[in-house]
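Take a moment to look at the whole chain before turning to single residues.

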Amino acid sequence: MPQTSKVIALILILVSVAVSINVYAGSLFNVPYLWDSDMQVYPSAVNANTYTNITIIINSSININSTKINITNAIIDFIVIKNNIINVGLYPTGNPVIIKVNGTEKILPVENICYINYSSANFTSKIYVNVSSSCIGIKLYANGTAVPLNTSYVPPYSGLYSMLLTNGTFYARFTYIVTPTISPLSSTYGYGVNLTMSPPLAEPGMLIIENSSAVLFSASAQSGASIPRFALPAGNFTLLLYEGSLILANATLTINRASPEVRLSGFSERTTYGTPISYSVVAYVAGAPLKLPVVVLVNGTTVASGITPLVVNLPSLDAGVYNVTTVALQTVNTTEEALARYLIVSPAPVSLKVFVNGSTAGSVVVLNYGQVAQISARAYSTVEPQGSEAVYVDGRLNGFTIDTMELGAGVHSLTVAFTPSSRNFLPAYYNVTLVVARSQPSLSLPYEIKARYGESLTIPVRLTVYGRPVQGYVDVRVSNFTEEVFVNGSAAISLPPLPAGIYTITVSYPGSPNLFPTSASAVLIVESATVSVEISAPDRSVYGVPISIWARASPSVAGTLSIYVNNTLIYSAPLSFVNVSWSPPRSGVFNITAVFQSASKNYSSGYATKLIYISKANCYIKILLNSSKVYVLHTYTILLESQVTPYIYVDNNYVGKFRLGNITFNSTGSHILSAIFPGDDRYYSCKASAVVEVQKNPSSIIIEIPSRLALPNSKIDVIVIISTSAKIYNSTLTIIAQNINNNNTYSFTEYINSQRTVTHIELPAPGSYIVRAYYGGNPYVDANYSNAEAVTVVESILGVPEVLLLGYMAAFGIAYAAVVAIKLKRGKD
């Protein structure tokens with residue numbers, strides 16, 4: 001409380017003391033009083049052991065306002081003047097006590113009339129005053145309110161009390177401080193504290209909570225105060241309650257460390273090996289999340305640490321049972337708390353994907369007898385499984401290659417087993433029903449067999465399945481000849497000599513439990529004699545170069561010799577020797593066949609073939625433009641010297657496909673003209689390019705000034721005519737006028753968009769001017785200057801140029817002189 005407030009309170013207390021003391025104490029307690037004609041004094045003596053309330057009654061004829069009071073040998077407690085009564089509270093310091101009021105003196109002896117003894121305990125929540133007194137009628141007052149003697153009294157409020165022991169005449173006063181009982185004085189970190197004060201303060205005071213270095217909390221308090229959650233750290237703090245500058249209470253507030261609650265979010269007590277283990281750790285105090293340092297231990301080994309909220313990613317753990325402990329470490333405000341969980345890591349299941357000859361195997365795999373199957377397997381799990389695979393066929397360990405010829409046709413079981421190499425994976429099996437079906441064997445012999453008449457024949461026969469040899473007997477039939485022959489994959493069957501002619505040879509296989517029956521046939525041609533056909537041509541050539549081909553039949557007999565290219569007849573003649581020229585239509589490989597058709601039964605026909613490779617020819621492109629200078633927006637003719645028709649590009653933009661064509665450039669600058677032939681079956685690709693510098697179109701500017709004589713600041717018409725083949729005129733036009741007398745230059749700029757423009761200029765000063773126009777050009781037309789025209793600007797008299805006026809005056813003078821001369825002549829006559 002400020003000092004002024006304390007002084008005011010003290011004055012009020014003193015007034016209350018005066019009021020509480022009976023001003024007519026003498027009459028109440030039969031204490032003698034002094035009397036004279038000016039004033040009466042009660043009592044007539046001063047108590048040496050207490051304060052004495054002196055009542056002075058002044059004669060009404062005395063001016064109270066100018067009353068002067070002087071008291072000797074006493075400590076003045078209070079003086080109260082009301083009407084004609086003066087009350088004085090005093091304590092003697094000498095004997096006697098002399099009182100002078102307006103010069104009238106009263107002498108009061110100091111005597112041991114009675115005593116007032118008391119004892120009290122300050123800074124309690126109750127008022128208790130132990131009183132012993134010889135003064136009759138002693139009562140106790142607290143701030144003017146009567147309270148019981150020698151009894152505990154609970155006041156209505158805490159604070160500073162002015163205590164008064166009095167019987168109306170004699171009194172003792174003292175100060176009593178009532179301290180409120182504050183509770184609770186202990187709490188836990190994170191929880192709010194609701195303090196109550198009993199009894200409350202009369203007016204709000206200031207509650208301060210501090211430690212040795214700083215104030216941690218302060219608030220206005222009267223009946224209590226609320227300390228927010230987490231406002232105070234853990235520890236012991238000084239709680240001070242001020243009423244003004246008076247400390248009403250001084251207590252110790254204890255904030256105990258909180259026991260945090262550790263929570264795991266996303267933690268699963270069961271997992272599978274290889275599955276990432278991730279969860280979050282959050283610490284709570286008083287139901288609120290709090291950042292706390294934590295460590296995570298797996299079987300006592302630290303694997304993670306950090307500040308909550310913390311995302312924990314456990315390392316890969318082998319299959320087994322683990323104790324995962326999360327410890328919130330002790331801090332200034334919290335105790336250490338641990339949360340333990342069991343984590344069971346199960347072996348990871350393994351799945352197998354089996355492949356037969358590279359294709360995924362289902363529950364049933366069908367193979368044909370004679371096929372060889374390559375078995376492969378891939379094991380899958382949460383991570384790459386560690387272990388090995390093995391193949392079992394019909395319960396017996398087999399390699400990864402299965403030969404159906406060893407199994408035979410029928411139904412078999414195929415099992416692929418995965419055996420893990422560590423306890424982190426489970427075994428796995430993949431069962432397949434393997435069906436080996438009968439196969440269709442391949443019985444092959446030459447499609448056509450030729451022989452001369454009279455020769456013995458040998459026919460090669462092969463019996464295979466999927467290219468693998470098969471054993472068995474086959475039946476051979478040709479004409480009237482039949483024979484059974486054993487074939488071990490292949491055999492050479494000998495036939496007896498046959499007359500000239502064409503025969504069909506049939507070979508049959510009856511089949512077996514693993515193979516179906518089959519047969520094959522061949523054409524046997526028995527010729528009278530052999531005619532040899534020879535053909536000659538280059539092995540390689542280039543497209544565009546004629547090829548010389550000759551063929552000969554030996555011996556030279558009657559017949560027709562024909563030349564075929566890729567089965568297309570190109571020449572035929574009844575000759576045994578021919579020599580022809582052939583031009584390939586394209587590049588590539590061509591089969592040239594010479595066929596001799598015998599005209600005699602004694603000789604056979606014959607043929608010969610030859611392959612010839614025709615390479616693509618090289619092409620060339622030369623770009624020609626019909627102008628050495630190229631202007632924008634003009635059309636030019638492109639001539640391409642080439643064997644091919646290329647694609648035309650300008651700046652990588654496709655224009656067309658031609659050898660002779662027109663092209664227009666829409667912008668100035670360097671343009672790349674490209675001719676590209678991508679190649680075909682005759683020519684290799686080729687290309688050519690040329691850089692074309694495209695210029696702006698030239699321009700010609702002519703100006704005309706109809707009036708060459710002008711006044712200052714008068715409009716001068718300037719006619720501007722622009723000539724350009726582009727027919728695009730939009731640009732800026734600047735008229736430049738140079739005064740050749742003072743070398744000043746004036747320019748006038750405007751935007752034009754037509755071939756002929758009439759513009760106006762105004763020249764401020766007299767003199768001779770050279771006027772020219774500058775045409776700024778545009779993206780398609782070059783800038784240029786015009787011809788120069790002369791303009792004279794002269795001063796004026798009454799709006800008429802001086803030069804013209806002088807001319808008029810000269811003419812007038814001449815005319816006047818002529819008139820005078822004529823008159824003079826007439827006078828003489």
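Predicted model: local features only at pLDDT ≥ 70, side-chain atom pairs only at ≥ 80, totals over all residues.

Residues are numbered from 1 along each chain as its sequence is written, and side-chain values use heavy atoms, with hydrogens and water left out.

Start with the overall form. The protein chain contains 4 helices and 78 strands; helices (H or I, at least four residues) and strands (E, at least two) are DSSP runs, numbered from the N terminus. Along its principal axes, the C-alpha trace spans about 200 × 170 × 30 Å. The radius of gyration of the chain is 68 Å, whereas a compact globule of 829 residues would have one near 28 Å. That radius is taken over C-alpha atoms, and the globule rule is 2.2 Å times the number of residues to the power 0.38.

Of the 829 residues, 38% are buried. Buried means under 20% relative accessible area, exposed means over 50%, and partly exposed lies in between (1.4 Å probe, protein chains only).

Is Thr52 buried or exposed? Thr52 counts as buried because its relative accessibility is 0%. Leaving aside neighbours within four places in sequence, Thr52 is in contact (heavy atoms within 4.5 Å) with residues including Pro43, Asn47, Leu90 and Phe170. A polar atom of the Thr52 side chain lies 3.1 Å from the backbone nitrogen of Asn47. A polar contact is a pair of N or O atoms within 3.5 Å; within protein, one must be able to donate a hydrogen and the other to accept it, and residues adjacent in sequence count only if both atoms are side-chain atoms.

Next comes Ile79, in strand E6 (residues 74-82). Ile79 is partly exposed, because its relative accessible area is 41%.

The side chain of Asn626 reaches the backbone nitrogen of Thr637 at 3.1 Å. Ile722 is 96 residues from Asn626 along the chain, and the C-alpha atoms of the two are separated by 27 Å.
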